[in-house]
Amino acid sequence: MDGTAAPRRGAGNCATSHNGAAAERRHTDGRTLLSGVIVPLVTPMDHPGEPSAPAAAPLLAALAAAGARGLMLFGSNGEGPLLPTAQLGDFAARVAERWRELTDGGPVLVNVTAPGTAEALERAEAVRPAEPDALVLSPPLYFHHRHDEIVAHYAALAGVGVPVVAYHAPRYGNPLTPALLDELTGLPHLVGIKDSSGDLALFGHALAAARRRDDFGVSQGAERQALDALRLGADGVVPGVANLAPGAAVELFRAHRDGRDGDARRAQQLLDEVLALHTVRPGVPAVKAVLAERGLCPPHVAAPLAPCSDAERTALLDLLAPLDAHLVRA
């Protein structure tokens, strides 16, 4: 744990039980929920397109040992939109149970983003056995939507009974404009936002809108701007690169929190160096290829993604060899 918030006792109980511990998690305010380092977990698969909780066990243990506080499942790093709804529930429940055991109740957020509201609600129901601390939801995908339609999309999850975190990743769908941010922070079941836009001006607006409530958290997912976001006032970070370099991500957060600016800048630089792997092969296949070489995750991905070629794998390992001591290990 990174020390920013006390762990919620009892959260490691069986993921399928609907008990007081789950209720306690769900009433945690958004700032506590999103504080520290939350890893947007890759989805380990025992065969292409088939999530496997047992295959995730080594990576979960390594991330917890490195000090990561929470998980986000089925985001862009987790290939969520490529996975059928029917495959989400068992993986989410078993991973959540194990994570809470490893971290004494660390939070688990589950992304239910979909093209339409009906599917988002189906996904929310499918992952209910995981007792997520929050559901994560982007604006609807594919079609361009009006302001009122996007607000209605978020409002539709009010009856699910689980807090919602808005996920802003505009390269994948409709953007969250300043006007939308102002309105969404007024929805009581929304407790936070994760912004991966890379637009620091918009991020500043999100912070201003969020601070109209004392329970609304703000996290940042644009990895190269993690330190900038923390300096602006982010509660935490959700960097995909933390799958590979969780220790550096945790050190970045802790160093900033403790006023060790030089250490924070060095940690950000290290994350930037690891991110160079995407110049060889962009996206999740590259991350999984490196994790596979370290015995932490099979290289399988969900179609139409394809795993790295032998040449790409060799180039990735050569590129990251000087950083080996800083990468996650079993």
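Where is Tyr 142 found? Tyr 142 is in the loop between β6 and α6. Here helices (H or I, at least four residues) and strands (E, at least two) are DSSP runs, numbered from the N terminus.

Two remarks on the basis of this talk. This is a predicted model, in which local features need pLDDT of at least 70 and side-chain atom pairs count only at pLDDT 80 or more, while totals for chains, interfaces and linings use all residues. Residues are numbered from 1 along each chain as its sequence is written, and side-chain values use heavy atoms, with hydrogens and water left out.

I stay with Tyr 142 for a moment. Although Tyr 142 is not a glycine, its phi is positive, at about 80 degrees. Tyr 142 counts as exposed because its relative accessibility is 71%; the classes are buried under 20% relative accessible area, exposed over 50%, and partly exposed in between, with a 1.4 Å probe and protein chains only.

Glu 131 also has a positive phi, of about 45 degrees, and is not a glycine either. Glu 131 is placed in the loop between α5 and β6. With a relative accessibility of 2%, Glu 131 counts as buried. As background, most residues other than glycine have a negative phi, and most peptide bonds are trans. Pro 304 lies in the loop between α12 and α13 (310–320).

I turn now to the aromatic residues. How many aromatic pairs does the structure hold? There are two, where rings of Phe, Tyr and Trp (its six-membered ring) pair if their centres lie within 6.5 Å, and planes under 30 degrees apart are called stacked, over 60 edge-to-face, and the rest tilted. Phe 74 and Phe 91 form a tilted pair, because their ring centres are 5.8 Å apart and their planes stand at 45 degrees. Phe 74 lies in the loop between β4 (70–73) and α4, and Phe 91 in helix α4, so this pair ties together parts that are 17 residues apart in sequence. Phe 74 is buried, at 1% relative accessibility, and Phe 91 is buried as well, at 3%. Tyr 142 and Phe 143 form an edge-to-face pair, with 4.8 Å from centre to centre and 90 degrees between the planes. Phe 143 counts as exposed, at 55% relative accessibility.

Helix α3 (residues 53–65) has 13 residues, which at 1.5 Å a residue should span 18 Å; its end C-alpha atoms are 18 Å apart, so the two values agree. The expected span is 1.5 Å times one less than the number of residues. Helix α3 has a kink of about 30 degrees centred on Leu 59, the bend being the angle between axes fitted to the seven residues ending there and the seven starting there. Among the buried residues of α3 are Leu 59, Leu 60 and Leu 63. The elements that cover the buried residues of α3 include β1 (36–40), β4, α4 and α10 (246–257), with contact taken as heavy atoms within 4.5 Å.

In helix α5 (residues 117–126), which side is buried? The buried residues there are Ala 120, Arg 123 and Ala 124. They cover an arc of only 100 degrees around the axis, which means that they lie on the same side of α5; the arc is that of the directions from the helix axis to the C-beta atoms. An α-helix has 3.6 residues a turn, so residues three or four places apart point the same way. The buried residues of α5 pack against α4 (88–103), β6 (134–137) and α6 (147–155).

I close with a loop residue and the cysteines. Asn 77 lies in the loop between β4 and α4 and is buried, with a relative accessible area of 18%. Leaving aside residues up to four places away in sequence, Asn 77 touches residues including Pro 40, Thr 43, Asn 243 and Val 284. As for disulfides (pairs of cysteine sulfur atoms within 2.5 Å), the count is zero. For Cys 297, the nearest cysteine sulfur is that of Cys 308, 12 Å away. Cys 297 is buried at 4% relative accessibility, and Cys 308 is buried at 8%.
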